[in-house]
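Please look over the sequence and the model below. The paragraphs after it take you through the fold one part at a time.

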Amino acid sequence: MKAVVVTDFGTHPLLTDLPMPKPGPGELLVRIHAAGVNPFDWKVADGALRDAVPHAFPLVMGSDGAGVVVETGPGVTRFRPGDRVYGQFMSLPQGHGSYAEYTLADQDGKIARIPESVPFTLAAALPTASVTAYQAVEAARLEEGHTFLINGASGGVGQSAIQFAARAGARVLATGTPDLADHLRDLGAHAVIDFTVAPTHEQVAAAHPEGIDAVLDLVTPTGGDTSPMAGLLRAGATLVSTNFATDPGALAARDILGVNLGNSPTAETLSALAELAASGELRVRIDAEVPLHEAPATIAKARTGHSTGKTVIVP
Ligand SMILES: NC(=O)c1ccc[n+]([C@@H]2O[C@H](COP(=O)([O-])OP(=O)(O)OC[C@H]3O[C@@H](n4cnc5c(N)ncnc54)[C@H](OP(=O)(O)O)[C@@H]3O)[C@@H](O)[C@H]2O)c1
């Protein structure tokens with residue numbers, strides 16, 4: 001089967017031929033019809049988890065995917081061949097990812113069935129970005145009328161987070177370039193902050209001198225400094241970082257809850273999000289659908305930024 005792999009940490013992704021995976025006890029073999037691209041995919045290939053978990057090389061990149069179960073291993077009771085499924089496919093050791101024609105999943109893992117009306121490309125765009133957005137908005141402790149800044153709102157996580165926060169009754173301040181302003185407002189943003197004209201925290205501080213209720217920071221990198229965003233918050237507020245950039249201890253001294261969020265999809269959350277996507281209550285903008293052989297070039301482009309939605313690889 002064809003797959004996109006790295007042969008060591010930090011090497012260039014390559015399209016290659018690999019033996020067909022064989023489902024073991026409790027496992028499913030899934031024909032991947034679409035694989036969602038996330039920044040985490042190249043962070044893993046670069047070695048972000050090298051000291052935390054085992055890896056297997058050649059490492060098939062990618063985590064998010066959607067496809068059809070083609071074979072089940074011994075003891076599988078929850079799924080059968082022909083089921084349309086989606087979720088996060090990367091399992092330990094890191095290496096059996098979704099940028100491939102086939103991959104394996106644990107029947108008790110981070111997968112769920114897809115409603116018939118949801119295309120594979122839409123399903124593949126959901127797992128990491130929309131689950132993270134859903135869990136980040138929950139962690140932000142929003143109440144009706146709260147003012148909530150999403151820093152990095154124009155990307156995959158941010159666009160879903162706008163919708164969940166607006167549904168929770170928050171007034172969403174969303175960062176984004178002017179070309180995306182109408183789209184972000186349409187998703188539920190109350191105001192759009194052009195982060196290219198002046199620092200976001202200065203613009204928000206000028207408009208909200210009384211302080212705001214919560215921030216979701218998708219931009220400050222690991223080891224970065226969230227204090228400019230924290231400086232916007234009133235006592236009792238919440239700062240959620242997806243890049244482990246908050247210092248909860250320091251924030252607690254100001255009566256602010258700091259949360260370093262790592263997404264943890266469950267089958268139940270995935271099923272709920274698939275239903276929201278089916279009903280149109282959760283919208284995901286797909287920027288590009290690219291064939292598997294273009295994945296290495298797509299990854300290189302995605303690393304340079306200006307994500308305005310999700311990219312999906314179609315093996
Ligand atoms: N902890 C977890 O479980 C978890 C899960 C998912 C994602 N993440 C992390 O969360 C971050 C966001 O993920 P994503 O999938 O949404 O990424 P993405 O699709 O690449 O989106 C990032 C967005 O941030 C915007 N941006 C860049 N610099 C900015 C700035 N200074 N101010 C405001 N916006 C800025 C980008 O706009 P331009 O491209 O126009 O610059 C882009 O639209 C990534 O670092 C990712 O690794 C963590």
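What follows covers the domains, the cores, the ligand and some backbone details.

This is a predicted model: local features need pLDDT of at least 70, side-chain atom pairs count only at pLDDT 80 or more, and totals for chains, interfaces and linings use all residues. Residues are numbered from 1 along each chain as its sequence is written, and side-chain values use heavy atoms, with hydrogens and water left out.

Start with the domains. The chain is divided into domain 1 (2–126 + 284–314) and domain 2 (129–260). These bounds come from an automatic or database domain assignment. Taken over C-alpha atoms, the centres of domain 1 and domain 2 are 29 Å apart. Domain 1 brings 12 residues to the contact and domain 2 brings 13 residues. Contact here means heavy atoms within 4.5 Å.

Now go inside. A nonpolar core is a set of buried Ala, Val, Leu, Ile, Met, Phe, Trp, Tyr and Cys residues joined through side-chain atoms within 4.5 Å. Buried means under 20% relative accessible area, exposed means over 50%, and partly exposed is in between (1.4 Å probe, protein chains only). The largest nonpolar core has 50 residues. Y86, L142, F148, I150, I162, L216 and V240 touch the most other members. Helix 3 (residues 127–139) gives the most to this core, with six residues. Helices (H or I, at least four residues) and strands (E, at least two) are DSSP runs, numbered from the N terminus. Why does this core lie between domain 1 and domain 2? Both domains give residues to this core, so it lies between them.

Take V240 as an example. Leaving out residues up to four places away in sequence, V240 touches A136, A139, A140, V215, L216, D217, V259 and L261. Another core lies apart from the largest one. This other core has 25 residues, among them V4, L28, A45 and L59.

Next, the ligand. There are 22 residues around the ligand, each with a heavy atom within 4 Å of it. K43, S154, L261, N263 and H306 come nearest. Which atoms of the protein lie 2.9 Å from an oxygen atom of the ligand? One is a backbone N or O atom of V157. Another is a polar side-chain atom of T242. L261 places a backbone N or O atom 2.8 Å from a nitrogen atom of the ligand. On its own, the ligand has 930 Å² of accessible area, and the protein covers 79% of that. Such areas come from the Shrake-Rupley method with a 1.4 Å probe; for residues, only the protein chains shown count as cover. Helix 1 (39–46), helix 3 and helix 4 (156–167) are the elements that give two or more residues to the shell around the ligand.

Finally, check the backbone. F57 and P58 are joined by a cis peptide bond, with omega about -5°. P58 sits in strand 4 (residues 55–60). A cis peptide bond also joins L92 and P93, with omega about -10°. P93 is in the loop between strand 6 (84–88) and strand 7 (94–96).

R141 is a residue other than glycine with a positive phi, near 55°. R141 is in the loop between helix 3 and strand 10 (147–151), and is partly exposed, with a relative accessible area of 42%. Phi of F244, also not a glycine, is positive and near 55°. F244 is in the loop between strand 14 (233–241) and helix 8 (248–252). F244 is partly exposed, at 49% relative accessible area.

Definitions and conventions: Polar contact = N/O pair within 3.5 Å; in protein donor to acceptor, adjacent residues only side chain to side chain.
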